[in-house]
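Reader: Hey, can you walk me through this one? I'm new to reading structures.

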Amino acid sequence: MISSSNTLTKIFKFLAYFFIIMFFLFPILWIFMMSFMTNDEILRKVPTIIFSPTFENYIALLKGKINTPAGVMDVFYMQNILNSFILSSCSVLLTLILGIPAAYAFARYKFKGGEDIAFTILSFKFAPALLIIIPLNLYFTKLGLYDSYFALVWVYQLITLPLLLWIVRGYFEDVSEDIEHAYRLDGHSWFKSFWKISIPLARPGIAASSLICFIFAWNNFVFALILGSSSIQPVTVGALSFITASAIPYGLIAAGIVLSVIPTLTLALIIQKYLVEGLSLGAVKG
Amino acid sequence: MSYLEIKNINKRFKDDIVFDDVSLSVNKGEFFVVFGPSGSGKTVLLRLLSGIMSQDSGQIFMDGVCIDDLDPNERDISMAFQNFALYPHMDAFENIASPLIAQKTSPDEIKKRVQEVAELLKIDHVLSHKPKELSNGQKQRTSLARSLVVRPSVVLLDDPLRNVDAKIRYEMRLELPKVLKEFNTTVIYVTQDYKEAMALGERVGVLANSNFTDVDHPTHVYKKPNNITSAKLFGDPTINVLNASNISSGDLSTITASKITIESNNPNLKNQRDLFLGIRPEDIQISNQAHEGAIKVELRAKTPLNLRTVYLLRFEDGVEVLASASEEESLLIDDQKDFYIRFDNSNLNFFDQSESLIQ
Amino acid sequence: MKINKKLFPYVLTLPALLVCVGILIPFFTAVYYSLQRYNLKMPHMKGFIWFDNYVRIFTDASFWNTIQVSLTYTFFTVILELLLGLGIALLLAKRTWYNNILGVLLILPLMIAPAVASLMWKLMVNPNFGVVNYFLSLIGIYDFKWASDPSTVMFTLVMVDMWVFTPFIMILLLAGLRALPKQPFEAAELDGVPGYYKFFRITLPMLFPYILTASLFRMLESIQQFDIIYALSQGGPGESSMVFQVSAYLTTFQYTNIGKAAAMMVVLWAIAYFLCHVFVKQWHKLREKTKGIA
């Protein structure tokens, strides 16, 4: 009885892994392969696995000149990547500075209007982009903020701050308060306790939400498109600028995707070890 | 002289009144035990003293100075938590060193002091372990070490020996007071075990019903508890409490409880008609012989324990009491024969209708 | 540094609030637009018509269609992603080398901008040279219409959304699973509690707050989804996938009716507000409950 259910579980698990890998990772592999193909090779009825890879897509992006049926077009993809990096990093940094103390406050203190403030910050996410984008564009232009990193970083806070705040709040609530109390009783100030105890113990949550915020800022399309000119445009807009009236250069876009994923993937690999910690284990008797 | 003083403390959580006008005075260097059942507020008391929690009203004084406005890190008070509260991301050494680091002690001095207190508590061999690698007993002692390493003026110990194996518990019951006496620390020690209270405390405060019902030397609390609640908490098996009625003529009172009749000259008993009689199981003597003044009882159940045997006995009118006899004594009792009990009147206590002790 | 104890939480939280509060100005400006007859093609006709825009959209059948399509889309994406994300998190919970690697690789779909990912999927399901269609033909399924047929377009959109966003739920739940305290599980082991019982009565309740948070944000995103749908179907065929923001986009940029678009967005905002309110209430209730377990 036991062995058959074990085999059943094993088969089930294997199928699960298979399905997940196929569904999520096959397209990634495909995109990766496409980045080494020319458009002719891609747009073939029967897809081929064996082909001679070409670097022309990557070279075009790195050099900044792509060949289209209509002639040679200038693109600034590498600049786009840099922009994305600047925008996303600054946004996440600002969000961390503003959001972590606030998340802590909501988790630990019951203060008047506290839940209202928390909900209000959350409510900024309710505003659909298209609702505010035209007025924003208007005001930014009036204030001369059009085309500035600063303005976009601020707008991105509306996306990242509620997310980080509510996720990290949950993690702070799971950190045992007594550990913090003990540290205070040892003679340390509130700030030291916050910095050396609370934050390290909430690290998995902070790591996970920082990564997610970075990704969401990186992938944002609508705001960047309308609120910035080409000099600060991130990759999302940049990638779609390859599309001309005559053709969609899939190989080029695929190469663009691969290039744009590299910074984010690097960040994920760095953060990954923080994602695996469950620090509350064993230090506090439940 | 009074070193730690709480005056008229009130604390409640929603509808639950934890402290109702509680006051207490602890002397410098005293080993004071706070004893009470779970939920009685012992831990809350410690949290109020340490500054982690604030009282609704009332004041706390240390060495004559009101410390209510001081943050936990500003009070010269240490605490060992019941659930250890060790820092999971630091090893035992760093955990213990933490208070010294807060005081900006030099690294050499830190090493020396941590080593010192770790040896005292027999955890010097696990100093490099992280909390999750320590046994419960080791965690408890690490937590203890952390609270003692700075030689604070006041140390709050929240049931520190509860999660420790028996052997170490007995050892620590001897060691701990010695160590603390050496440091001349004022200790507030919380426990749920009355035997521990009796073994350790110079004075015991029994916390029940939102206040201290007794604050006295443990033997005195045991002998003359201020109310039935204290009486029941202090003693195992629990004290027998019987309903009794009293007829007084002049100074002489005749109290009847079930088949027991007692005469007393105590003037305080005069005006009490209905009261309670308290008699401890260990004060009841069992015999198979009907000695003078013995009362016949029926054996209902017998529970042999480690060093004594507990008997459940029933009077002819159905009232039941517990009696306990030592191992040797129980060997002399034949369960098949008749049972008779006797007791010494001086070991009895009377409580009035409001459950308070009649002196 | 002595800060009044009562004020301290405000010191911690107000900066976050204040930074965001500036958005209220554009917000109210947009609400202001919604109360006007504001069409870029007819600038001279701009003027206050109060709730006319709202009346007009609520009596328009296509708006109700938009509401229905959006809610359907939101419902399916959130539920399916939750289930799948939870399943994956549980599968990857044990810290083996392959689980750790997979944990990172599976974030990749999330790292690709939804708009661009949709474009790639569009290629893959292209009837003429899509690789997915090729594989389907190998197992005997020909001519699956994907985004070109009203009956399959929702399926296609939800599938692409799942591809992009399931990792979001997976990360949060995986981090949550690993942050759970061990004691309740050890106690259950000692009591000889069977596996499924452990899962439903211990694991799941302790994960609930994390599940709620994750679904809250997914719900907000789904109901406002623009990129995926615009890239794949532009709201079509016909109006079968016309969700709120796509409709508003077309109203703004194709029909230049800013007032009407603003009104639609205000309604969307109200729906999001209501749904979140319910969610947050549940979140608090569950937090209270699980405080007893852990």
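Predicted model: local features only at pLDDT ≥ 70, side-chain atom pairs only at ≥ 80, totals over all residues.

Reader: What share of the 359 residues in chain B is buried?
Author: Buried residues come to 41% of the 359 in chain B. Buried here is a residue with 20 or more other C-beta atoms within 10 Å of its own, exposed is 12 or fewer, and partly exposed is in between, with the C-beta atoms placed from the backbone.

Reader: Ok, what helices and strands does chain B have?
Author: Chain B has nine helices and 21 strands. Those are DSSP runs numbered from the N terminus: helices are H or I with at least four residues, strands are E with at least two.

Reader: And what box do the C-alpha atoms of chain B fill?
Author: Roughly 75 × 45 × 35 Å, taken along the principal axes.

Reader: How much of the contact in chain B is between residues 24 or more positions apart?
Author: Counting contacts with a separation of 6 or more, 64% in chain B are between residues 24 or more positions apart. A contact means two C-beta atoms, placed from the backbone, within 7 Å.

Reader: Which strands form the open sheet in chain B?
Author: Five of them, in the order S15-S19-S16-S17-S18, with antiparallel pairing. Two strands pair if DSSP finds at least two bridges between them.

Reader: Which strands stand at the edges?
Author: S15 (284-287) and S18 (320-326) of chain B do; each has a single partner strand, so one side of each is left without a neighbour in the sheet. The twist from one strand to the next averages 45°. Angles run from 0 to 180 degrees between N-to-C directions, and axes are lines fitted to C-alpha atoms, for helices over the stretch in contact.

Reader: How many bridges join S15(B) to S19 of chain B?
Author: Four, and S19 covers residues 339-343. One pairing to look up is Ile286(B), whose bridge partner in S19(B) is Ile341(B).

Reader: Switching topic, what are the domains in chain B?
Author: Domain 1 is 2-233 and domain 2 is 240-358, with bounds from an automatic or database domain assignment. Their C-alpha centres lie 38 Å apart. Six residues of domain 1 of chain B are in contact with eight residues of domain 2 of chain B.

Reader: And which domains does chain A have?
Author: Domain 1 (2-63) and domain 2 (77-275). The C-alpha centres of these chain A domains are 30 Å apart. The contact takes 13 residues from domain 1 of chain A and twelve residues from domain 2 of chain A.

Reader: Which element gives the largest share on the domain 1 side?
Author: H3(A), with five residues on the side of domain 1 of chain A that touches domain 2 of chain A. That side divides into nine nonpolar, four polar and no charged residues. Ala, Val, Leu, Ile, Met, Phe, Trp, Tyr, Cys and Pro count as nonpolar, Asp, Glu, Lys and Arg as charged, and the others, Gly among them, as polar.

Reader: How do H10 of chain A and H9 of chain C pack?
Author: H10 (residues 203-219) of chain A and H9 (residues 150-179) of chain C pack at an angle of about 170°, with their axes 9 Å apart. That makes H10(A) roughly antiparallel to H9(C). Under 35 degrees counts as roughly parallel, over 145 as roughly antiparallel, 65 to 115 as roughly perpendicular and the rest as oblique.

Reader: Which residues meet there?
Author: Pro204(A), Gly205(A), Ala208(A) and Ile212(A) in H10(A) meet residues of H9(C), including Phe168(C) and Leu172(C). The contact divides into eight nonpolar, one polar and one charged.

Reader: Last one: is H13 of chain C enclosed or exposed?
Author: Eight of the ten residues of H13 (residues 244-253) of chain C are buried, so this helix is largely enclosed by the rest of the structure. Among the buried ones are Phe244(C) and Tyr249(C).

Definitions and conventions. Residues numbered from 1 in each chain as written. Chains lettered and ligands numbered in written order.
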